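Visitor: I would like to learn how to read a protein model. Could we go through some features one at a time?

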Amino acid sequence: MTTSYPFSAIVGHADLRLALLLNAVHPAIGGVLVRGEKGTAKSTVVRGLAALLPAVDVAQDCRFSCDPAAPDRACPDAPHGTATTRRPARLVELPVGATEDRLVGSLDLERALTGGVRVYQPGLLCAAHRGVLYVDEVNLLHDHLVDLLLDAAAMGRAYVEREGVSVSHAAAFLLVGTMNPEEGELRPQLLDRFGLTVEVAAARDVDTRAEVIRRRLAFEADQDAFAEQWSTSDAELAERIVDARKALPAVALPDAELRRIAALCAAFEVDGMRADLVVARTAVAHAAWRGAQAVAEADVAVAARLALPHRRRRDPFDEPGIDEQQLQQALRDAAEEAEQPEPPDDEPNGPGNGPGNGATPPNESTVDGNGAAPPAPAANPDPAFRARMLELSGLGDGAPGRRSRARSTFGRTLRGSAHQGRGLHLVGTLTAAAPHQLARGRTGAGLVIRPPDLRRAVREGKESNLVLFALDASGSMAARRRMAAVTGAVISLLLDAYQRRDKVGLVTFRAGTAELVLPPTSSVEAAVARLRLLGTGGATPLAGGLLRARRALAVERLRDPRRRALLVLVTDGRATVAVAADPVADAIRAAGLLAADGVASVVVDCERGPVRLGLPRRIADALAGACVRLDELSADRVTGVVHAVRRSA
């Protein structure tokens with residue numbers, strides 16, 4: 001058995017350790033989301049926590065780990081016998097590639113096919129009950145699995161309605177998710193469901209880094225000896241968790257502190273009431289952790305620092321986090337509110353409840369403070385709008401998403417097939433086997449199944465795609481009003497890509513050169529940040545931009561051959577830089593190469609004015625793609641889906 005790294009031996013990460021300990025004291029807080037760059041010991045800290053949790057008593061004949069002192073009356077294994085057993089609290093890991101069956105459980109197919117009975121086979125939510133459920137790279141988990149996970153964590157129960165099985169069982173666990181923001185963000189709706197969030201980063205102090213190395217090398221040299229060295233400290237922490245759990249019900253939350261919590265959450269303009277409840281629970285847990293009998297201002301401050309940063313995101317491209325100076329100002333304002341016996345009737349949104357006195361609200365983005373890219377500063381983009389759907393034609397086989405039709409392991413079941421599909425199609429298999437039971441000598445209750453009877457489920461869902469933007473930032477596009485409209489339109493398309501879980505990349509071409517500004521990534525936020533710093537001006541190397549996009553797509557095709565790509569070319573088509581001879585002819589030839597590769601494409605026509613040469617349309621024809629005018633991208637102006645036809649390579 002592998003020895004986990006002692007929790008007490010971890011250097012730094014004070015906020016992370018505190019957030020985990022508070023959740024261990026009061027699991028109703030709702031779990032912890034750990035955000036940080038790779039190599040910052042996120043997983044090590046979580047695994048160390050599991051060893052601190054007290055052992056649990058379980059009914060011996062219960063697959064769902066019911067507490068003998070308070071058994072779940074609705075447990076599928078009820079009623080329970082009197083025999084009990086004690087086991088350590090489990091650490092259950094949910095892999096990124098897990099299926100819905102693995103998470104919530106499913107029909108026990110072996111017993112269904114051989115015994116003719118419907119029996120529920122529990123999943124990971126059951127295994128995690130009264131323990132820790134750890135999800136590494138939770139931002140890469142498909143949205144519908146995250147929804148199931150967070151629903152169970154919030155309600156403390158898992159509900160399964162599938163394949164003729166209707167089951168409900170207890171699923172109370174400490175949820176911990178880790179993620180690297182560089183690989184893409186969670187949607188704000190999912191972020192809000194995590195109780196606390198913590199940002200972690202590698203220490204820059206030399207002494208701290210040296211101590212981390214020293215302890216890690218000692219652990220690798222002799223794990224048992226290292227664990228023994230820190231066993232006393234870990235035992236003290238484990239005992240403190242037990243004591244805090246016992247003291248928790250008796251901790252008082254004075255009305256003044258409750259008002260302070262409400263004022264804080266109002267000041268940061270968080271949506272709904274979940275933030276207020278999480279801050280209150282965290283403050284109570286912190287008071288119990290320090291051995292106090294009532295919540296104080298210091299407990300509320302700690303709770304706000306852990307519970308509010310990720311709830312400030314109003315737009316998907318807003319950066320999560322809280323400015324310490326703003327938090328301190330909000331605490332001072334909340335102190336005044338806490339001293340008042342009742343809120344004023346005539347001023348529900350007074351000076352102390354706003355985001356600041358004249359300061360920029362947290363949901364408004366600023367562009368000019370980021371500096372300018374030479375040779376011309378980036379124009380402030382026009383407001384984002386609801387973009388029309390850009391959809392690849394045909395049926396794909398890529399990662400789950402929300403853009404194009406695809407064969408998948410989820411979604412709508414179309415039929416059973418002997419040759420196509422994934423997973424067992426139960427009805428199809430039983431239907432194929434039923435006519436042969438007499439010939440096969442069936443005598444008992446179970447069906448006699450042979451390999452030719454097996455049918456696979458053919459399902460159709462939605463896939464995510466790679467959306468590669470090729471943006472013309474040359475002099476012909478550099479008129480400020482035009483570039484503001486173009487930038488606003490591209491940001492709108494990026495927002496659409498974010499919502500549809502696509503990967504994105506950005507190629508720009510201007511001043512005679514083409515550059516891959518952002519290699520394909522799941523972080524749409526990074527694309528928006530690069531776009532807002534985009535400089536304009538110079539000649540138009542349209543052919544060079546298309547060829548640079550082709551190279552980027554070729555590399556990505558090797559990395560992820562199942563993910564279909566969509567090229568979105570944003571240009572007025574006025575090429576001025578030649579690769580061979582004529583700039584426009586070179587661009588058309590480059591477009592033909594992309595079409596021959598089977599790349600689906602959409603050209604956004606940015607031509608304006610009374611004289612239009614129709615060059616974007618010619619490029620679109622060479623790409624064998626669709627062409628839409630810039631003002632036709634808004635779904636509020638033009639309805640309908642833009643189909644990007646993919647020519648067979």
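Visitor: Which residue just after H12 takes a positive phi?

Guide: Keep in mind that this is a predicted model. Most residues other than glycine have a negative phi. Here the residue just after H12 is glycine 291, with a positive phi of about 80°.

Visitor: How many residues does helix H12 have, and how far does it reach from its first C-alpha to its last?

Guide: Helix H12 covers residues 274–289, which is 16 residues, and it reaches 22 Å, close to the 22 Å expected at 1.5 Å a residue. An α-helix has 3.6 residues a turn, so residues three or four places apart point the same way. As for cover, 13 of the 16 residues of H12 are buried, and the helix is mostly covered.

Visitor: Which residue lies over the face of tryptophan 289?

Guide: That is arginine 240, at 4.0 Å from the ring centre.

Visitor: Where do residues other than glycine have a positive phi?

Guide: Histidine 13 is one of them, with phi near 55°. Histidine 13 is found in the segment before helix H1 (14–25). Another is arginine 130, with phi near 70°, in the loop between helix H5 (124–127) and strand S7 (132–135).

Visitor: Is histidine 13 buried or exposed?

Guide: The cut-off for buried is under 20% relative accessible area. Histidine 13 has 19%, so it is buried. Arginine 130 has 21% relative accessibility, so it counts as partly exposed.

Visitor: Which two residues does a cis peptide bond join?

Guide: Most peptide bonds are trans. The cis bond here joins alanine 78 and proline 79, with omega about 0°. Proline 79 belongs to the loop between S2 and S3.

Visitor: How many aromatic pairs are there?

Guide: Ring pairs are judged by the distance between centres and the angle between planes, with stacked meaning under 30 degrees. The count is five aromatic pairs. In one of them, the rings of phenylalanine 64 and tyrosine 120 have centres 6.3 Å apart and planes at 5°, so this pair is stacked. Phenylalanine 64 is in the loop between strand S2 (56–59) and strand S3 (84–87), while tyrosine 120 is in strand S6 (residues 120–121), so the pair ties together parts that are 56 residues apart in sequence. Both phenylalanine 64 and tyrosine 120 are buried. The rings of phenylalanine 226 and tryptophan 230 have centres 6.4 Å apart and planes at 50°, so that pair is tilted. Phenylalanine 226 and tryptophan 230 are also part of one aromatic cluster with Tyr5 and Phe219.

Visitor: In what order do the three strands of the open sheet lie?

Guide: In a regular strand the side chains alternate between the two faces of the sheet. The order in this sheet is S13-S15-S14, and the pairing is antiparallel. Strand S13 (400–408) and strand S14 (412–417) are at the edges with a single partner strand each, so one side of each is left without a neighbour in the sheet. Neighbouring strands of this sheet are turned by 25° against each other on average, direction ignored. S13 is joined to strand S15 (residues 456–463) by six bridges, and arginine 407 has glutamate 460 in S15 as its bridge partner.

Visitor: What is the order of the open sheet of six strands?

Guide: The order is S18-S17-S16-S19-S20-S21, and the pairing is mixed. S18 and strand S21 (626–629) are at the edges, each with a single partner strand, so one side of each is left without a neighbour in the sheet. From one strand to the next the twist averages 15°.

Visitor: Which strands in it run antiparallel, and which run parallel?

Guide: Strand S17 (residues 503–510) and strand S18 (residues 513–521) pair in the antiparallel sense over six bridges, with leucine 506 opposite leucine 518 in S18. S17 and S18 form a hairpin with two residues between them, and alanine 511 in the turn has a positive phi of about 55°. Strand S16 (residues 466–472) and strand S19 (residues 565–571) run parallel, joined by six bridges. Phenylalanine 469 has valine 568 in S19 as its bridge partner.

Visitor: Which helix lies across S16, S17, S18 and S19?

Guide: That is helix H18 (residues 542–559), running at about 30° to S18.

Note on methods. Residues numbered from 1 in each chain as written. Heavy atoms only, no water. Phe/Tyr/Trp six-rings, centres within 6.5 Å; stacked < 30°, edge-to-face > 60°. Helix = DSSP H or I, 4+ residues; strand = E, 2+ residues; numbered from the N terminus. Buried < 20%, exposed > 50% of the residue type's maximum accessible area, 1.4 Å probe, protein only. Lys NZ or Arg CZ within 6 Å of the ring centre and 35° of its normal. Expected span 1.5 Å × (residues − 1). Pairing = 2+ DSSP bridges. Axes fitted to C-alpha atoms, helices over the stretch in contact; angles between N-to-C directions. Contact = heavy atoms within 4.5 Å.
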